[in-house]
Amino acid sequence: MPSHLAGEQSAYLRSAADQPVAWYPWGPEPFTRARDENRPILLDIGAVWCHWCHVMDHESYEDPVIAEFLNENWICIKVDRDERPDVDARYQRAVQALTGQGGWPLTAFLTADGAVFYGGTYFPPDGKFGRPGFRSVLTSLARLYHEKPTQVLEQAQQIADHISGARSDALPGTLDTDLLARAATAMAHPFDRQNGGFGSQPKFPHPGACDFLLTRWFDTGETPHAEMTHRTLEAMAHGGIRDHLGGGFHRYSVDARWIVPHFEKMLYDNAELLKAYVNGAAALAAPQTGSLLTVRNGDSLEPLYRTVINGVVRWILEVMSDPRGGYCASQDADVGPEDDGDYFTWTPDEARAVLSAEEFEVLARRYDIEQVGEMHHNRQKNVLWVKQSVEQIAAALGRSAPDTVALLTAGEQKLKSARDSRQTPFVDTTVYTAWSAMMASAMLAAAAFLDRSDVEHHALATLDRLFDEAAEPDLTGGIRHAIGSSVRGILDDQVQSASASLDAFEATGEHRWLDRAIRLMEHVWSDYRTASGGLADVAIGRGGEGFLTQELTPIHDSPTPSPNGIAGIVLARLAEHTGERSWATRCDALLSAVAGAAAELSIFGATLLRAIDWSVMPTTHVVVVGQDDRQTRELLRTARSTYRPRKVIRWITPGAPTTPLPKAIRAMLDGAAPRVYVCAGTQCAPPAATVEQVTSALTSFGRT
């Protein structure tokens with residue numbers, strides 16, 4: 001029986017088109033057929049970057065015997081979770097309610113109407129790892145569906161009732177600074193003081209939590225908040241979760257020490273991590289940093305962070321960017337089902353083959369390249385992670401530090417060149433709107449920090465391309481999920497594009513970016529607001545098959561930042577940029593409707609907490625006045641790259657039309673240019689005419 005996936009846009013779906021299973025993409029046709037033929041539905045949700053999805057495809061869906069049974073007894077639907085986050089979110093909830101766990105591949109067994117009556121994640125074909133065999137599960141469930149239909153429908157109804165009646169975390173609450181203090185305290189409980197990060201294992205980066213804690217440190221001066229942030233950033237920078245040769249970060253670590261990762265690299269993870277490291281590096285320049293500047297593991301934090309930032313940017317430009325604008329969605333972990341990160345790991349013999357004896361001696365100590373490595377499938381395979389500092393290596397080998405650095409640099413370049421000759425893991429070139437907007441925002445921040453105009457130009461080209469090729473006419477229907485996609489009505493795409501547009505406005509002073517953000521958020525407010533006051537993850541009334549009729553109000557950072565949190569931040573920024581009170585009213589209304597459990601969400605509520613922070617804490621206005629010349633641009637770059645939370649930047653060219661300014665700043669404008677005016681709350685610093693004055697005002701003015 002033919003698959004229906006060959007013409008799909010999704011690389012993941014196309015990769016399954018030659019499987020002997022008669023797959024359908026998500027849509028009305030398979031549900032109609034299931035009802036007409038009285039068959040159950042097998043729903044497989046995975047992703048092109050997912051290792052265990054590849055394993056299950058190879059073991060089960062490429063098996064002609066299993067495929068024949070599926071084609072005769074089931075209707076089979078395959079979903080790319082990146083392409084259809086709306087489908088994934090709902091069926092993850094259902095399977096988690098049934099089994100207590102979710103993830104990918106998600107394997108759900110549905111009635112013909114799309115209700116879940118059984119589910120799980122990875123199923124081995126004949127049972128292993130303590131999991132039931134897929135063959136026996138398929139046989140038993142098909143028999144149950146036909147022989148005991150009442151039991152199946154009752155089970156499906158119980159799951160549906162449980163989901164619809166489950167307590168939502170989007171609860172109304174009071175917005176105040178006490179909520180922020182309680183949330184910061186809650187985040188300290190899962191913090192791993194020995195290894196950095198939050199929780200034990202597996203360990204995910206949680207960059208949003210780092211940003212929130214850094215904000216609390218700046219506002220309160222409480223050092224533990226910054227210590228948690230910098231300990232986490234430092235540990236990840238040294239760990240195997242970072243690709244020390246190619247740049248960028250893998251998705252998460254399977255161990256508490258950040259050493260052994262799952263090797264896939266996601267665009268959205270790297271966007272948020274890039275922002276976190278830019279903020280972390282910029283914050284180190286602030287007064288009262290104190291002990292945070294001390295050397296850790298032999299590496300001073302600022303150059304370490306700068307190395308990380310440069311690495312992420314290099315990987316994005318070399319591997320993940322389209323020259324026309326746009327960023328690729330992900331890079332796979334491996335090149336086949338039997339592989340497990342072999343592209344990224346090294347045996348001692350592989351390293352010796354490309355390094356001189358002196359280089360190997362240095363790199364083996366630096367990156368822990370030993371005969372017994374970290375990978376279980378091949379004990380000689382080593383994950384590169386920083387075990388020793390340059391000073392420790394130099395002392396152990398009797399070399400000078402500069403000589404050690406030279407050998408280390410040369411060796412890294414040789415390993416990178418040799419790795420480039422290996423078969424490269426697949427890169428999904430789909431340009432997803434929300435993820436590309438997130439990376440454009442991060443690249444704009446990195447461009448200001450690194451003083452890289454090429455990075456800024458590509459970020460702006462990316463946003464222009466999204467609005468040219470994915471937006472509906474005049475943005476009346478918002479923006480689609482990806483370039484070339486027919487998927488519409490996803491909240492995340494709207495709010496991330498609006499957020500990135502405001503970043504572009506602050507970087508360029510061009511009012512078209514502000515106009516785009518306004519139109520997108522008007523669309524969001526009219527088409528996504530629920531009866532309870534929050535924002536639904538899909539446009540109200542959009543509908544669809546199965547559980548797509550369920551209404552979800554996403555407030556968790558899981559795995560990307562909460563769309564309701566991002567919306568709150570954008571609304572607050574629009575209020576400051578436009579001077580229109582209606583945006584602040586909407587921000588308060590939205591956050592009051594969903595913030596009831598924000599403090600208890602801890603690290604999973606970081607974006608929502610940052611939005612509340614924007615709502616209840618004073619904003620800093622920075623107005624740069626000057627022509628488009630070198631001196632003005634340097635003052636603007638300094639204003640953008642100096643750390644200060646809740647910062648709103650305006651670039652005004654004398655004589656050009658502009659939106660209203662805060663009264664305090666209007667009173668200060670004296671016609672002199674270039675000048676930078678900084679006002680925090682109701683107080684203003686003296687006008688600044690030099691980079692040093694701008695830096696001093698932003699790092700010190702108005703701080704207690």
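Trainee: How many residues of strand β2 are buried?
Mentor: Buried means under 20% relative accessible area, exposed over 50% and partly exposed in between, with a 1.4 Å probe and protein chains only. Strands (E, at least two residues) and helices (H or I, at least four) are DSSP runs, numbered from the N terminus. Here β2, residues 41-46, is mostly covered, with six of its six residues buried. Ile41, Leu43 and Ile45 point one way, Leu42, Asp44 and Gly46 the other way, and all are buried. The model is predicted: local features need pLDDT of at least 70 and side-chain atom pairs pLDDT 80 or more, while totals for chains, interfaces and linings use all residues. Residues are numbered from 1 along each chain as its sequence is written, and side-chain values use heavy atoms, without hydrogens and water.

Trainee: Which strands pair with β2, and in which sense?
Mentor: Two strands pair if DSSP finds at least two bridges between them. With β3 (residues 75-80), β2 pairs in the parallel sense over six bridges, and Ile45 stands opposite Val79. With β4 (residues 106-110), β2 runs antiparallel, joined by five bridges; there Leu110 is the bridge partner of Ile41.

Trainee: How many cavities does the structure hold?
Mentor: On a 1 Å grid over the protein atoms alone, a cavity is a set of points where a 1.4 Å probe fits but cannot get out, and lining residues have an atom within 4 Å of a point. Grid points are joined across faces, edges and corners, and a volume is the space filled by probe spheres set on the points. The structure holds five cavities of 30 Å³ or more.

Trainee: Which cysteines form disulfides?
Mentor: A disulfide is a pair of cysteine sulfur atoms within 2.5 Å. One joins Cys50 to Cys53, S to S 2.4 Å, and both cysteines are buried. The torsion about its S-S bond is about 80 degrees, so this disulfide is right-handed. In the other, the sulfur atoms of Cys679 and Cys684 are 1.9 Å apart.

Trainee: Are Cys679 and Cys684 buried or partly exposed?
Mentor: Cys679 counts as buried because its relative accessibility is 4%, whereas Cys684, at 25%, counts as partly exposed.

Terms used
1 Å grid on protein atoms, 1.4 Å probe; cavity = no way out; pocket = protein on both sides within 12 Å on 5 of 7 lines; lining within 4 Å.
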